[in-house]
Amino acid sequence: MIRLKNIIFITALFLSFIGQGIKLFACTSAIISADLNPYGRPILWKHRDTSTKDNKVEYVEGKDGQFSYVALYNAADMGLSEAWMGMNDAGFAVMNTASYNIKDDKVPAKKMDKEGYVMTKALRSCRTVDDFAHLLDTLPRPMGVEANFGVIDAYGNGAYFETNNHSFIRYDLKDAPDGMLVRTNYSHSGRPKEGYGYVREANAECLLTPFAEKREITPELLTENISRTFYHDGKKKDFTFTGERSLLDDDFIPRYKSTATIAIEGCKPLAPGEIIDPELVKKQYIMWTGIGYPPVSRIRAVRCDKDGVDEGLRGTLPNGHSRLGDEAVKKRGEVFTSKGKKMYIDLSKLYNESGTGYAQKAIEENHQTYLNEIDLRDGNDSATGDKSNQ
């Protein structure tokens, strides 16, 4: 397990940026090998943090030889031009986290933040991890990105591509000694002691490692446990069930700006050279999706099909808002209070002794959703569910 160094330095640096009013886009993410999932399927997970609080999920039909895909979008993106995580009918899935320590040029800010466009191109054209590497190799320079792109494919391959305007460094899942890769908002190949998310990366690794050792990492663990747990590795303390009513929103995985938790679970890896059938992808791939504010979000199983996106996730409301997203954002407003420029969490609204907290009720409902959808995918005989949150 990677252990945090220089916590005090990084935290102080982060707070200094907040004090200057600089907006930071963040995320916590992981790629999990099929060997660590009891169902034998790789997982791509992203806990999204952004100032854009409203999200939606939509299906895009492939045209002119392009692949069809489903993806997460900002609510205001009426043209569906910037995908922030998604999967296509060739079994390729992609997401990103912003990085803040690998840009090595003076490309102005107005020409940056093109990650959503890159991922849209990838969903339209890529079948494999190697295809994504080729796409990055061939994009015009400067690419307008500073990010860690995470991808998986139907052959069980996975990788992070730590990417700046002109180049990238690839980290393959097969080379990870413990079968998983975690990234937040710095690149491992970038400048040391720069970037953000060192504590959140340590949080995720600490929470995931016991399950990795037992090969019990599931999408439900990621969306219902990791995205709803207020563990802080720098303080070596889990605040989740402390009942604190005014806890500073600082370096937890779930944050005020957290807007989605999504775990894309692929198929059992195909043999090299085996043909990828879109019908297999439609049945086997599930994009387990919670939007709005992850600790209170309701999970829906999204499939790569024109009827595969739940109505509550789609941007059917005014300004492209989604019903489930608006419901979660409304509850978020009851959980947080502001004092100056800082936000404070009322954990008693999420978890309480009677089990009626927003997070507790959502976890209970979502567990049944997982059981039902796994039944549909694998058949009743193999649907045992994930008990990690009980």
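Begin with the cysteines: how many disulfides does a search of the whole structure find? The search finds zero, a disulfide being a pair of cysteine sulfur atoms within 2.5 Å. Select Cys267, which is in no disulfide; its nearest cysteine sulfur belongs to Cys304 and is 13 Å away. Cys304 is likewise in no disulfide, with the sulfur of Cys267 as the nearest one, 13 Å away. Cys267 is buried, at a relative accessible area of 3%, and Cys304 is buried too, at 4%. Here buried means under 20% relative accessible area, exposed means over 50%, and partly exposed is in between, using a 1.4 Å probe and protein chains only.

Before going on, note that this is a predicted model, in which local features need pLDDT of at least 70 and side-chain atom pairs count only at pLDDT 80 or more, while totals for chains, interfaces and linings use all residues. Residues are numbered from 1 along each chain as its sequence is written, and side-chain values use heavy atoms, with hydrogens and water left out.

**Colour by confidence**

Colour the model by pLDDT, the predictor's confidence in each residue, from 0 to 100. The protein averages 92, and 91% of the residues score at least 70. Select residues 1-23: the pLDDT there is below 50, and the stretch has 29 contacts in the model beyond near neighbours in sequence. Contact means heavy atoms within 4.5 Å. Residues 381-390 also have a pLDDT below 50, with 21 contacts beyond near neighbours in sequence.

Next select strand E5, residues 85-88. Strands (E, at least two residues) and helices (H or I, at least four) are DSSP runs, numbered from the N terminus. Both faces of E5 are covered: Met85 and Met87 are buried on one side, Gly86 and Asn88 on the other.

Two strands pair if DSSP finds at least two bridges between them. Tyr69 has Asn88 in E5 as its bridge partner. E5 also pairs with E6, in the antiparallel sense, over three bridges; look for Gly86 opposite Val94 in E6. The hairpin of E5 and E6 has four residues between the strands, and Gly91 takes a positive phi near 85° there.

Is Ser99 buried or exposed? Its relative accessible area is 1%, so Ser99 counts as buried. Show its side chain, which makes a polar contact with that of Ser187 at 2.8 Å. Another polar contact, of 3.2 Å, joins the side chains of Ser99 and Asn101. A polar contact is a pair of N or O atoms within 3.5 Å; within protein, one must be able to donate a hydrogen and the other to accept it, and residues adjacent in sequence count only if both atoms are side-chain atoms. Leaving aside neighbours within four places in sequence, the contacts of Ser99 include Glu146, Asn148 and Tyr186.

**Helix H3**

Select residues 129-138, helix H3, whose buried residues are Val129, Phe132, Ala133, Leu135 and Leu136. Look down the axis of H3: these buried residues fall within an arc of 155°, so they line one face of the helix. The arc is that of the directions from the helix axis to the C-beta atoms. On the other side of H3, Asp130, His134 and Asp137 are exposed. The cover over the buried residues includes E6, H2, strand E7 (147-152), strand E8 (158-163) and E9.

**Arg170 in E9**

Go to strand E9, residues 168-172, and pick Arg170. Arg170 counts as partly exposed because its relative accessibility is 31%. Its side chain makes a polar contact of 3.0 Å with the side chain of Asp130, and a polar contact of 3.0 Å also joins the side chains of Arg170 and Asp172. Leaving aside neighbours within four places in sequence, Arg170 is in contact with residues including Val129, Ala133 and Tyr160.

**A three-strand sheet**

Finish with an open sheet in the order E13-E18-E17, with antiparallel pairing. Its edge strands are E13 (247-248) and E17 (336-339), each pairing on one side only. Two bridges join E13 to E18, residues 342-345, and Leu247 stands opposite Ile345 in E18.
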